[in-house]
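Subject: Structure handover

Hello,

Here is the structure you are taking over. Please open it first, then read the notes below.

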Amino acid sequence: MNHTQDDKVADGRDAQRTYVLIPGAGGAASYWELVVPLLQEAGHQAIAVDLPGDDPAAGLPEYASLVTRAADGATGIVLVAQSLGGFTAPLVAAKLGVLALVFVNAMIPMPGETAGQWWDDNGWEQARLAAAERGGYGAEFDPAVYFLHDVPPEIAAAGEPRSESDAVFASVCDFGGWPSIPIKVVTGADDRFLPASFQQAVARDRLGTEPDLLPGGHLNALSRPADLANYLLTVSSPN
């Protein structure tokens with residue numbers, strides 16, 4: 001992959017890490033396909049995990065087991081979760097030795113919550129509609145408007161999104177609490193699905209942290225991969 005000088009990622013070779021990348025709804029590992037080579041070029045390992053989003057028998061425990069198995073034997077793990085992947089992340093962090101956890105435009109759960117409850121628990125619909133009015137785009141949900149508005153057309157046309165069954169949304173996120181590791185929250189400044197101001201409020205309320213704003217919308221691994229990879233390379237371990 002060729003990059004201009006402005007697109008090149010930071011060196012990031014202070015210590016080799018393994019980035020374990022959890023996708024959002026649908027579970028397609030291909031969501032991370034533009035970020036993975038950038039992390040590898042910087043000297044790190046990157047594992048994008050494919051999850052069976054369309055399997056009605058697969059819930060959060062199955063997702064967490066798949067991610068844990070994919071990372072078996074890895075060291076220096078930075079766990080990265082996008083969107084719905086935020087509900088899998090704490091279950092994985094409880095099983096693996098993780099250096100840091102990064103939420104990317106993610107749903108941040110509370111212990112015992114389901115992803116189906118999360119929307120009302122946080123007032124998402126009201127926030128989305130208010131952001132649409134401020135931004136001057138349609139309030140009726142349309143993937144082209146809410147997900148693909150800043151994704152290059154050739155990338156958006158590369159494949160149909162995989163559907164997500166109801167199983168994960170009904171699964172309880174059963175974890176005892178957040179591990180004592182750095183937890184970062186990345187918010188796309190142009191995210192229309194989970195508006196930036198909404199994500200900021202959720203992160204403050206649930207993690208007591210202030211998100212870092214990056215360019216791009218909800219699918220910024222596709223629209224701004226170098227910006228996201230550069231950010232991930234700055235995430236430091238407790239050491």
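The notes below go through the sheet, the cores, the aromatic rings and a few single residues.

This is a predicted model, so local features need pLDDT of at least 70 and side-chain atom pairs count only at pLDDT 80 or more, while totals for chains, interfaces and linings use all residues. Residues are numbered from 1 along each chain as its sequence is written, and side-chain values use heavy atoms, with hydrogens and water left out.

**The sheet**

Helices and strands are DSSP runs, numbered from the N terminus (helices: H or I, at least four residues; strands: E, at least two). Six strands form an open sheet in the order β2-β1-β3-β4-β5-β6, with parallel pairing. Two strands pair if DSSP finds at least two bridges between them. At the edges are β2 (45-48) and β6 (212-214), each pairing on one side only. On average, neighbouring strands are turned by 20 degrees against each other, direction ignored. For that angle, axes are lines fitted to C-alpha atoms (for helices, over the stretch in contact), and angles run from 0 to 180 degrees between N-to-C directions.

Look at β4 next. It pairs with β3 in the parallel sense over six bridges. Two of the bridge partners are Leu-79 with Leu-101 of β4 and Val-78 with Ala-100 of β4. β4 also pairs with β5, again parallel, over four bridges. There, Phe-103 has Val-185 of β5 as its bridge partner. Six of the seven residues of β4 are buried. Buried means under 20% relative accessible area, exposed means over 50%, and partly exposed is in between (1.4 Å probe, protein chains only).

**The cores**

A nonpolar core is a set of buried Ala, Val, Leu, Ile, Met, Phe, Trp, Tyr and Cys residues joined through side-chain atoms within 4.5 Å. The largest one has 41 residues. Val-67, Leu-79, Phe-103 and Trp-118 have the most contacts inside it. Several elements each supply at least two of its residues: β1 (18-22), α2 (60-70), β3 (77-82), α3 (89-93), β4 (98-104), α4 (115-122), β5 (183-188) and α9 (196-207). Another core lies apart from it, with 29 residues, among them Val-36, Leu-38, Leu-39 and Val-151.

What does Leu-79 contact, beyond its neighbours within four places in sequence? The contacts (heavy atoms within 4.5 Å) include Val-20, Val-67, Ala-89, Val-92 and Leu-101.

**The aromatic rings**

There are 13 aromatic pairs. Rings of Phe, Tyr and Trp (its six-membered ring) pair if their centres lie within 6.5 Å; planes under 30 degrees apart count as stacked, over 60 as edge-to-face, the rest as tilted.

Phe-103 and Trp-178 are edge-to-face, because their planes stand at 90 degrees, with ring centres 5.7 Å apart. This pair links distant parts of the chain: Phe-103 is in strand β4 and Trp-178 in the loop between α8 (167-170) and β5, 75 residues apart. Phe-103 is buried, at 0% relative accessible area. Trp-178 is partly exposed, at 23%.

Tyr-137 and Tyr-146 also form an edge-to-face pair, with centres 5.6 Å apart and planes at 85 degrees. Tyr-137 is buried at 17% relative accessibility. Tyr-146 is buried at 0%. Both belong to a cluster linked by ring pairs, which also includes Trp-118, Trp-119, Trp-124 and Phe-198. Arg-192 lies over the face of Tyr-137, 4.2 Å from the ring centre. A charge sits over a ring if NZ of Lys or CZ of Arg is within 6 Å of the ring centre and within 35 degrees of the ring normal.

- Trp-178: beyond four places in sequence, the contacts include Pro-90, Leu-101, Phe-103, Pro-109 and Ile-183. Met-110 is 68 residues away in sequence and 9.4 Å away in space, C-alpha to C-alpha.
- Pro-109: found in the loop between β4 and α4, and buried at 0% relative accessibility. Among the residues it touches beyond four places in sequence are Gly-86, Phe-87, Trp-118, Cys-173 and Trp-178.
- Thr-187: found in strand β5, and buried at 0% relative accessibility. It touches Asn-105, Ala-196, Gln-199, Pro-211, Asp-212, Leu-213 and Leu-214, not counting residues up to four places away in sequence.

Best wishes
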